[in-house]
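Work through the exercises below with the sequence and the model open. Try each task before you read its solution.

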Amino acid sequence: MKKHIGNIIKFSFSLALGVGLVYWSLRGVTPEQRGMIAEAFNKANYWWLLLLIFFGLSSNFFRAQRWRLLLKPLGYEPNYWNTFSAVMIMFFANLAFPRLGEILRCSILAKYEKVPVEKSIGTMVLERVVDLVCILIIGGLLLLLEYQRFYEFFVELFGGNQSAASQESGPVKYLVFGAFAIIVIIGLFILNKKHGFEKIAAVVKEKLTGLWQGLVSIKDLDRKWEFLFHTLGIFICYILMPYFGFKCLEETAHLGVVPSMAAVFFGGFAMVATQGGIGAFQIAMQKLLATYGISSIIGLSYGWISWSVQTFFVIIGGILSLIFLAVYNKESEPV
């Protein structure tokens with residue numbers, strides 16, 4: 001009962017945070033600027049957004065096959081289309097409730113492919129570890145290639161301005177990092193008072209050990225290079241999504257691969273910060289694109305366009321996958 005209450009509180013907080021961020025992002029928008037956002041939606045070239053959807057769909061094809069590779073050493077080879085449908089439904093269910101999708105996709109394979117839930121859930125540990133490492137690699141590359149823009153992004157996020165950001169010795173820089181340091185110190189103080197540093201250190205050690213064990217377990221896979229190939233395919237598709245998404249607006253059409261990597265990195269964290277990424281994703285895109293000289297209104301417009309298209313795709317894909325599972329498996333049953 002306590003667990004259910006905790007999940008409901010987390011869901012309510014995440015949703016409330018998302019709604020609050022939507023209000024915060026739009027609170028200073030004038031009627032004229034609202035008209036500019038509506039105009040951006042009207043003039044957007046949605047043919048480019050079809051490519052965004054295509055690569056989003058392709059990433060799930062890679063993800064489904066990667067999952068099948070993880071299940072094979074356990075003695076299970078689930079039907080590809082059932083596995084793919086389970087992945088599609090996972091993202092759909094996560095829109096409604098955090099982490100519901102992970103449980104639901106495992107339940108689907110248990111129902112249609114007789115894969116025990118506890119075994120399929122175990123494979124998600126490795127998946128999460130690998131995905132986290134890939135995101136961190138993208139972040140590391142961005143830090144090397146775009147250090148100044150990284151700094152400008154955080155200045156924008158905390159309400160600074162780009163002119164201040166361009167001055168390395170300016171006071172805004174110290175205010176930003178000072179505020180971040182204060183937040184960290186306060187957080188550590190609260191955690192220490194509540195749990196004690198020894199317990200915190202033990203939890204951190206346990207998490208890091210689990211991450212490392214999950215990562216090195218790749219070497220035990222029979223087809224490890226195929227696993228890495230599908231992982232690479234997933235993240236190439238993720239980068240191509242904003243790359244073609246940017247082309248839907250004239251003001252962002254010139255942005256290339258590196259800004260697309262930045263959109264994946266910051267957008268990825270924004271999508272898990274609030275329920276379905278609402279509010280957080282739009283703000284992340286607005287602040288990120290500002291570092292590339294894109295106006296605040298156009299950046300916010302792109303954030304809403306991209307989020308709306310992706311969310312629509314996830315909803316439609318999830319519903320169609322639910323229908324497909326029922327029809328496909330009914331036809332597959334022996335007469």
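**Exercise 1. A loop residue.** In which loop does Lys 114 lie?

*Solution.* Lys 114 lies in the loop between helix H5 (100-113) and helix H6 (117-145). Residues are numbered from 1 along each chain as its sequence is written, and side-chain values use heavy atoms, with hydrogens and water left out. This is a predicted model: local features need pLDDT of at least 70, side-chain atom pairs count only at pLDDT 80 or more, and totals for chains, interfaces and linings use all residues.

Next, check the backbone. Most residues other than glycine have a negative phi. Lys 114 is not a glycine, yet its phi is positive, at about 60°.

Last, check accessibility. Buried means under 20% relative accessible area, exposed over 50%, and partly exposed in between (1.4 Å probe, protein chains only). Lys 114 has 61% relative accessibility, so it counts as exposed.

**Exercise 2. Count the elements.** State how many helices and strands the chain has.

*Solution.* Start with the rule: helices (H or I, at least four residues) and strands (E, at least two) are DSSP runs, numbered from the N terminus. The chain has 14 helices and 0 strands.

Then take burial. Of the 335 residues of the chain, 43% count as buried. Now look at helix H13 (residues 280-290): 11 of its 11 residues are buried, so H13 is largely enclosed by the rest of the structure. Among the buried residues of H13 are Gln 282, Gln 286 and Lys 287.

**Exercise 3. Two aromatic pairs.** Classify the pair Phe 61 and Tyr 80, then the pair Phe 265 and Phe 269.

*Solution.* A pair of aromatic rings is described by the distance of the centres and the angle of the planes. Rings of Phe, Tyr and Trp (its six-membered ring) pair if their centres lie within 6.5 Å; planes under 30 degrees apart count as stacked, over 60 as edge-to-face and the rest as tilted. A search of the whole structure finds 17 aromatic pairs.

Step one: the ring centres of Phe 61 and Tyr 80 are 6.2 Å apart and the planes are at 5°, so this pair is stacked. It links distant parts of the chain: Phe 61 is in helix H3 (residues 46-71), Tyr 80 is in helix H4 (residues 80-96), and they are 19 residues apart. Phe 61 is partly exposed at 29% relative accessibility. Tyr 80 is buried at 18%.

Step two: Phe 265 and Phe 269 are 5.2 Å apart centre to centre, with 75° between the planes, and the pair is edge-to-face. Both lie in helix H12 (residues 257-273), 4 residues apart, about one turn of the helix. Phe 265 is buried at 12%. Phe 269 is partly exposed at 40%.

**Exercise 4. Helix packing.** Describe how H3 packs with helix H11 (residues 224-245), then how H3 meets H6.

*Solution.* Axes are lines fitted to C-alpha atoms, for helices over the stretch in contact, and angles run from 0 to 180 degrees between N-to-C directions. Angles under 35 degrees count as roughly parallel, over 145 as roughly antiparallel, 65 to 115 as roughly perpendicular and the rest as oblique.

First, H3 and H11 pack at about 165°, with their axes 8 Å apart. H3 is therefore roughly antiparallel to H11.

Second, the axes of H3 and H6 come within 10 Å and cross at roughly 125°. H3 is therefore oblique to H6.
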